[in-house]
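Have a look at the structure first, then read on.

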Amino acid sequence: MNPFAYTRATNQQAAIQAIMQQNAKFIAGGTNLLDLMKENVEQPARLVDINRLELTQIAERDGGLRLGALAKNGDTANHRLVRERYPLVTQAILAGASAQLRNAATNGGNLMQRTRCYYFYDTAMPCNKRAPGSGCGALEGFSRIHAIFGTSPLCIATHPSDMCVALAALDAVVQVEGPRGARSIPFAEFHRLPGETPELDTNLQRDELITAIDLPATANAFADHSYYLKVRDRASYAFALVSVAAALDIRNGIIEEARVAMGGVAHKPWRATKTESALKGQRAEERIFRIAADAEMQSALGTDHNRFKIELGRRAIVRALTIATDSGSTT
Ligand SMILES: Cc1cc2nc3c(=O)[nH]c(=O)nc-3n(C[C@H](O)[C@H](O)[C@H](O)COP(=O)(O)OP(=O)(O)OC[C@H]3O[C@@H](n4cnc5c(N)ncnc54)[C@H](O)[C@@H]3O)c2cc1C
Ligand code: SF4
């Protein structure tokens, strides 16, 4: 690990001032950043510790909920109002990592965690995300865990978060603060596809601090019929091969509105908009779920190693929708 300077910020302005120094990085729970530093993937010259900032609250706001960026993943999942109104978020967080990690990891850090592509972590291998222009180890190597939607010739990595898949489905909004003031970023615009710039994971500017994540009041409508399904190699401590966040607003057996997002399939949480359109106004039944799953998955493109994700994704969508329909709120 390289030597680095350390600053503990006691308020937001001080944190933003400190991050403007060259090659500085925020550190929250440290559960991802410290691993990346130990592997020499990230080499910040300065860490700006934001754990003293007053951003840990989870509170009602405009009929929805505001989740502080420094609230722990565990506290967020177990918060009474999150469990009651946004059980999809609770389920997604609890599907990830371990209890110990969730007690250290923060909501802001969860959004900013980096891909688990093996070649990104291995500094002996080429990787356009870690070292732009060096090539992509996965494209010529083993790509079992990689993306099937929205890839580019430069990068086929996936975003690893579970929580973000639920936030994408529920149209959360990310609140950020920087030297140019505060702004709100709709969740769909927060993470990026790799395109020509796979080194950029998000549209957050380098000097901006995530302060909160807002869950909108309108997403309350899905509380009774939502489910997060995570398919992985082991039952715990494993990232998703494919995951599905399914949220339905069902009235008299008819789907008024559907939200479906997928994890483990793209560089960002993937909104299955074709599935959503195929569900709207239809009966909540398996035959329709199959048609809706096909609508999205027919545009997926796999490699020799990860083509299995296409059928897996299809089945996972059908299963998540079926469980969401049958369940009332499950948490
Ligand atoms: C063994 C293991 C298993 C895991 N399994 C899963 C899993 O199954 N599913 C899953 O979703 N996750 C999993 N994780 C990842 C875990 O959820 C993340 O490491 C965690 O959420 C990151 O939060 P943190 O506060 O520790 O971030 P840090 O490590 O402190 O920071 C991560 C990044 O976020 C930036 N950052 C942090 N806070 C802010 C902020 N407020 N504003 C701007 N930038 C910020 C940092 O600069 C850094 O770049 C796993 C992690 C480990 C180690
Ligand atoms: S898939 Fe992306 S992260 Fe993985 S090696 Fe290729 S460029 Fe790097």
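The largest cavity holds about 80 Å³ of space. It is lined by 16 residues, with Cys117, Cys127, Asn128, Cys136 and Cys155 closest to its centre. Keep in mind that this is a predicted model. And what takes up the space of the largest cavity? That would be ligand 2.

**The largest cavity and ligand 2**
- Sorted by class, the lining of the largest cavity comes out as 11 nonpolar, 4 polar and 1 charged residues.
- Two helices, α8 and α9, each give at least two residues to that lining.
- Around ligand 2 itself there are 14 residues, and Cys117, Cys127, Cys136, Cys155 and Ile156 come nearest.
- The elements giving two or more residues to this shell are α8 (118–121) and α9 (137–140).
- The shell around ligand 2 splits into 10 nonpolar, 3 polar and 1 charged residues.

**Ligand 1 and its shell**
- Ligand 1 has 34 residues around it, and the nearest are Phe26, Gly30, Thr31, Thr106 and Asp162.
- Which element gives the largest share of this shell? It's α7, with 4 residues.
- By class, the shell around ligand 1 has 17 nonpolar, 12 polar and 5 charged residues.

**Polar contacts of ligand 1**
- On the backbone side, an N or O atom of Phe26 sits 2.5 Å from an oxygen atom of ligand 1.
- Ala28 also uses its backbone: one of its polar atoms there is 2.9 Å from an oxygen atom of the ligand.
- Asp162 brings in its side chain, with a polar atom 2.7 Å from a nitrogen atom of ligand 1.
- On its own, ligand 1 would expose 980 Å², and the protein buries 94% of that.

**Other spaces to look for**
- In total, the count comes to 4 cavities of 30 Å³ or more.
- The second largest cavity has a volume of about 50 Å³, and the residues lining it include Gln113, Arg114, Lys129, His159 and His267.
- That lining is made up of 1 nonpolar, 5 polar and 3 charged residues.
- There's also the second largest pocket, with a volume of about 290 Å³.
- Of the 18 residues lining this pocket, Arg116, Ile145, Ala238, Phe239 and Ala240 lie nearest its centre.
- The pocket's lining divides into 9 nonpolar, 6 polar and 3 charged residues.

How values were computed
Residues numbered from 1 in each chain as written. Chains lettered and ligands numbered in written order. Predicted model: local features only at pLDDT ≥ 70, side-chain atom pairs only at ≥ 80, totals over all residues. Heavy atoms only, no water. Near = heavy atom within 4 Å. 1 Å grid on protein atoms, 1.4 Å probe; cavity = no way out; pocket = protein on both sides within 12 Å on 5 of 7 lines; lining within 4 Å. Sits in = over half its atoms within 2 Å of the grid points. Nonpolar A, V, L, I, M, F, W, Y, C, P; charged D, E, K, R; others polar. Polar contact = N/O pair within 3.5 Å; in protein donor to acceptor, adjacent residues only side chain to side chain. Areas by Shrake-Rupley, 256 points an atom, 1.4 Å probe, with all protein chains shown as cover. Points joined across faces, edges and corners; volume = space filled by probe spheres on them.
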